Amino acid sequence: MIETTEHIVNNSIESDYSKSISLEHRKKFAQFFTPFPIANAMAKWILGNKQLETVLEPAFGLGVFSRAILNQQKKINIKGFEVDEIILGNAKEYFDDFENVNLQLQDYMYNDWKNKYDGIICNPPYFKFHDYDNKNILKEIETNLKCKLNGFTNLYTLFLLKSIHQLSKNGRCAYIIPSEFLNSDYGKLVKTYLIKSKTLRHIIVIDFEENVFDDALTTASIILCANDNLKDKVQFSNIHSLQDLSKIDEIINKYPNLSETEQTYSFTELNPEIKWKAYYQKQNSIKFKNLVPFSTYAKVVRGIATGSNEYFTFNLSKAKEFNIDEQYLLPCICSAKDAKTSFFTKQDFEELKKSNKSVFLFNAQNSTDKNISSYIQKGESEEINKRFLTASRTPWYSLENRKPAPIWVSVFNRSGLRFIRNEANISNLTSYHCIYPKQTSLFSEIDIDLLFAYLLTDTAKQIFEDNSRQYGNGLQKFEPNDLNKGMMLDLGLLDKQTSNHILKLYKEYKSLILDNKNGDEIINKIDKILIDEYSEKKRFS
Ligand SMILES: C[S@@+](CC[C@H](N)C(=O)[O-])C[C@H]1O[C@@H](n2cnc3c(N)ncnc32)[C@H](O)[C@@H]1O
């Protein structure tokens, strides 16, 4: 019989258990335990709900969270779910004496959907999608949450979705999960749900030098949610050591007030499509050495503005209708959607043309062709010549003089900057900016392919992100000068061998993409080479 007034406020039960059971068994059930000080900090969030009566611990293990909660408030009713009989047996030896703790040998994902709780606290199992019965669980969630899920997700995100659904009014939820979901495709869905449900309050990114969870993880995040309508802002914090845990206490004590930090965003500013490290890793560029302004190597200019795209853009059937010969049509990408991959080839252009997409601009200066004259007259009768842009040109139907740019970059982004190599050598409208590598200065000349390979990496995008404009709805916008003034790694410092290595990888990437295959791994390799060369290791200085 255990003395009910005292609780084990350290990880001694967990270490005894770990010693008594094989690692294989623990791995089978994803049994990695939360350090007590972290469990305790998370418990304070739950206890901050003044109406707290019921608490759920969905992946019970040895009940570290329940111990932390009961240690402060003995009367709370707790329900725990656990699928492993053995660990539950161990937990029951400890908890059986508490009438207010109800432990179920049941899979959390398939049970208890109807119940709501004032507090839900959890370190869920982190199984990848192929390690659990994902098909049935997804179905279970889709039916209960009435949403459509992508199969490639990780079980812990599904635990979190279910728990948010089970919060009662003013209920609070604290989860500790790998930070990976913040920055990976499978996390988009749970991020969308966290925003839509308006329950997300804090994300505390733990970035300890030493491992937090035995050997399982190096980085994790604490997600604090509240179903209370008290806030429409989400704050990101970073903690780097156990000593920093007091920051969590501070955050919790202040709630619903927030401490002054730049890492605070309203729900409308958060974009589930992008990597959220953009919100908690400010000034990405400080991680790197030897940065130069992008304008050292390239010039960014906006694409062609016509003044009336409806009048100036042509597809083949419109050309036929007005009898406009192809010599008076300038090949041009007219919609950002038309370039699907990182390479826009001649073949892509031909295909768009054949499928009657608008891929031309009216370009008929100095023509005496009568069909051209009548199309110009048509423009004048529709007063296209009196528009703001056309009125300032002579003649009004002349196009801005822009050479086709070897690289395009998309202007509005939901998922970060998108660079495209314009191998078709055609012009572009304003949905892309033109990037012209500088080829003039003796010292700054770099290979266009090398520059483009760099632009495809996460590092290039992150460094540019320091200079992006955030739009209210989560869109990022880059004006040409945001990019010109943005920073980049000084690629001119790379030695021949390294740049050749990058160029070789780039060629492999290109052939994969042209073959409709995924090339992410190669880009990651290029990124790694660059990170090794330019991180704070001072190689060049
Ligand atoms: C990462 S451990 C966390 C244990 C404990 N809460 C802690 O933080 O120390 C996850 C626990 O969930 C249990 N588990 C795994 N899948 C489960 C499921 N579908 N339903 C309920 N529990 C599950 C595992 O056996 C394991 O004990």
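A: On a 1 Å grid over the protein atoms alone, a pocket is an open set of points with protein on both sides within 12 Å along at least five of seven lines, whereas a cavity is a set of points where a 1.4 Å probe fits but cannot get out, and lining residues have an atom within 4 Å of a point. Rolling a probe the size of a water molecule over the atoms shows where empty space is left. In this structure the largest pocket is lined by 46 residues, and those nearest its centre are Asp185, Lys275, Asp458, Lys461 and Asp520. Please keep in mind that this is a predicted model, in which local features need pLDDT of at least 70 and side-chain atom pairs count only at pLDDT 80 or more, while totals for chains, interfaces and linings use all residues. Residues are numbered from 1 along each chain as its sequence is written, and side-chain values use heavy atoms, with hydrogens and water left out.

Q: What volume does the largest pocket have, and which classes of residue make up its lining?
A: A volume is the space filled by probe spheres set on the grid points, which are joined across faces, edges and corners, and for the largest pocket it comes to about 1500 Å³. For classes, Ala, Val, Leu, Ile, Met, Phe, Trp, Tyr, Cys and Pro count as nonpolar, Asp, Glu, Lys and Arg as charged, and the others, Gly among them, as polar. The lining of the largest pocket has 16 charged, 15 polar and 15 nonpolar residues.

Q: Which pocket does the ligand take up?
A: A molecule sits in a pocket if more than half of its atoms lie within 2 Å of the pocket's grid points, and here the ligand takes the space of the second largest pocket. That pocket has a volume of about 490 Å³, and its 36 lining residues include Phe29, Ala59, Glu82, Val83 and Pro125, which lie nearest its centre. Helices (H or I, at least four residues) and strands (E, at least two) are DSSP runs numbered from the N terminus, and α4, β2 and α7 (155–165) each give two or more residues to this lining. Its classes are 23 nonpolar, six polar and seven charged residues.

Q: Where does a cis peptide bond join Tyr255 to a proline?
A: Tyr255 and Pro256 are joined by this bond, with omega of about 5 degrees, and Pro256 is found in the loop between α9 (246–254) and β9 (264–266).
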